[in-house]
Amino acid sequence: MSTSMRMLSLFIAVTVVFGAYYLIANLFFRTDAYIESILIFAAINIIVSLSFYLPFSAGLLSLAQAGFMGVGAYMSASITTLWKFHFTVGPLDLTFFIALLAGGILAAIVGVLTAFPALRIRGVYLLLMTLAISEIIRVFFLNFEYTGGASGLGGIPPLTTIWNVYVALVLVVLFFVRVTKSRMGRAFESMKEDQDAAEVMGVDLTRHKVVAFAIGAFLAGISGGLYAHYALYIDSTNFGVFRSIEILIFTLLGGYEIYAGPIYGGFYLTFLPEWLRIIQDWRIIIFGGLLIVMMILRPAGLISKEMMSLRYWRSTLANLWKPRVEA
Amino acid sequence: MALLEINEVTKSFGGFNALYRVSFAVEERRIHAVIGPNGAGKTTLFNCVTGMLDNEGGTIKFEGHVLNGMKPHKRTELGIGRTFQNIRLFGSMTVLENVMLGRHCRTNAGILKSFLRPPFCELAEERATREAALELLEFMELAEKLHLRASALPYGQQRRLEIARALATKPKLLLLDEPAAGMNQNEIIDLDRHIKEVCDRGITVVLIEHHMSLVMEISDIVTVLNFGEKIAEGKPSEIRENRQVIEAYLGEEE
Ligand SMILES: Nc1ncnc2c1ncn2[C@@H]1O[C@H](COP(=O)(O)OP(=O)(O)O)[C@@H](O)[C@H]1O
Ligand SMILES: [Mg+2]
């Protein structure tokens with residue numbers, strides 16, 4: 001392993017340990033409203049990055065995730081704000097749960113409708129088509145007076161808490177941990193590698209593409225619902241092209257070989273502009289610059305698949321101070 | 001009834017006939033070789049049988065089912081497996097995962113089932129898939145390479161892995177596209193044995209190959225293609241004597 005690779009691994013290890021410590025400290029031992037808000041946005045960003053990663057892991061590049069997020073946000077906010085829906089079972093208030101679920105399901109339905117035209121096209125055309133769909137969804141909400149149209153939808157009840165957002169995140173991560181090493185996870189990976197070979201090996205491409213799009217859209221819808229009930233005001237500009245590109249960047253920088261990439265990218269790229277206040281306004285430019293540097297130095301993103309094994313970390317850390325390690 | 005019936009199959013690329021009215025039948029439990037010079041249309045024939053290409057004329061029947069227009073994965077379900085001349089393994093997946101993927105069409109655990117399984121408890125189907133894959137890797141003598149990325153294997157082993165992956169789909173018919181290409185003499189001897197063992201498992205083999213010693217030694221019947229047309233068919237001994245085949249492909253010496 002090269003020295004730069006060892007240094008990068010060390011950097012990742014340190015940031016992960018530090019991030020976990022920071023998260024736990026702020027969850028359990030401190031309550032700072034400002035940090036809490038960043039942690040909540042980080043979790044929402046991770047969920048939506050994973051929503052992008054799922055179809056991507058099957059070889060489908062979707063820039064419609066911001067649109068799906070908007071569908072989930074508007075749907076769940078309609079339930080809690082416009083319809084003032086309440087649902088309790090004994091002492092349990094399930095209103096928010098049902099609103100999120102409804103947002104996710106509606107987004108999944110839109111995702112399936114997107115998947116059908118997407119079945120026949122590949123590569124850059126798919127990217128353009130999904131971008132167009134995202135814009136169609138945005139313009140729809142811009143003109144849909146029922147949910148506020150151009151003036152947006154306000155007065156949404158503050159139902160998102162750091163606790164429910166992190167419970168949702170843990171469930172989503174668990175989903176990826178389990179599905180990656182399963183029959184369907186293998187099928188997705190084979191499609192990403194070589195979709196024609198996968199089909200000849202018995203993978204039904206149509207079905208798997210629709211499933212990947214639907215679940216990706218579902219997760220985006222959930223993240224939209226969580227976002228709406230934290231921001232408390234949404235309008236169509238929240239779910240535009242830039243949002244989609246931001247989601248793409250989280251994954252490309254974090255790494256797209258394995259689900260840990262979007263988790264890492266989503267977390268740190270939410271914090272980075274906060275830690276360095278000056279770059280706030282230059283966010284997209286800085287991210288773009290980082291992206292260019294990464295594409296040259298480490299095209300598959302910071303986290304790679306090999307880093308997912310304990311063996312990798314044991315040997316990396318054990319050899320950290322040796323001047324040179326032969327293969 | 002033959003296992004595979006190829007009847008007047010034609011396939012052209014922009015006016016050029018890669019296959020022209022090719023007909024032959026593959027009988028069950030045979031090793032059936034398809035030979036011919038480069039560009040003769042052998043791989044195109046496999047692509048038509050597996051559904052990667054649609055033939056324009058003629059019909060292809062497998063166990064009496066007409067395959068025309070059927071999607072590739074459906075044909076795999078019916079029992080047609082193949083390897084690729086230009087190796088097409090899933091390079092970033094491990095050796096084991098490649099073979100387990102082959103089991104996809106014989107299993108059915110969906111995403112929710114995998115997600116909602118009890119903790120620390122593998123699905124029975126997943127365990128069976130792994131065991132079947134391990135057995136095939138043992139069979140193909142790749143068991144030591146289990147956790148390597150497929151792309152990290154040397155060439156000859158990649159070809160064997162292609163066979164193991166195809167066998168994982170539980171084929172009745174296995175199409176091998178130049179499995180010995182790039183192999184050294186020892187590897188070819190092993191391959192010879194492996195193909196015979198595959199046949200002993202009750203699987204019918206169609207073999208595209210340029211190594212004539214291998215073809216002549218293991219095949220029951222040989223079909224010769226040249227410029228997209230069938231020019232001869234018969235026992236290896238007959239093919240060796242056939243004037244037309246010698247002129248088009250085999251050459252004088254030998
Ligand atoms: N997808 C394709 N598009 C255009 N031409 C093709 C394609 N596949 C094969 N061909 C042409 O068809 C002919 C037969 O090719 P192929 O079946 O690969 O031959 P073989 O496997 O016998 O060497 C060649 O001339 C090749 O260039
Ligand atoms: Mg060929």
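Modeller: Start with Arg193(B), which is partly exposed at 34% relative accessibility. Here buried means under 20% relative accessible area, exposed over 50%, and partly exposed in between (1.4 Å probe, protein chains only). This is a predicted model, where local features need pLDDT of at least 70 and side-chain atom pairs count only at pLDDT 80 or more, while totals for chains, interfaces and linings use all residues. Residues are numbered from 1 along each chain as its sequence is written, chains are lettered from A in the order in which they are written, and side-chain values use heavy atoms, with hydrogens and water left out.

Biologist: With which residue does Arg193(B) form a salt bridge?

Modeller: A salt bridge is a side-chain nitrogen of Lys or Arg within 4 Å of a carboxyl oxygen of Asp or Glu. For Arg193(B) the partner is Glu141(B), with the closest N and O atoms 3.2 Å apart. Glu141(B) is partly exposed too, at 39%.

Biologist: How many salt bridges are there over all chains?

Modeller: The count is 24.

Biologist: Which residues are linked with Arg88(B) in a network of salt bridges?

Modeller: Arg122(A), Asp194(A) and Asp196(A). Asp194(A) and Arg88(B) have their closest N and O atoms 2.8 Å apart; for Arg88(B) and Asp196(A) the value is 3.9 Å. Arg88(B) lies in the loop between strand 6 and helix 3 of chain B and Asp196(A) in helix 8 of chain A, so this pair joins two chains. Helices (H or I, at least four residues) and strands (E, at least two) are DSSP runs, numbered from the N terminus.

Biologist: Is Asp194(A) buried or exposed?

Modeller: Asp194(A) is buried, at 15% relative accessibility, whereas Asp196(A) is partly exposed at 25%.
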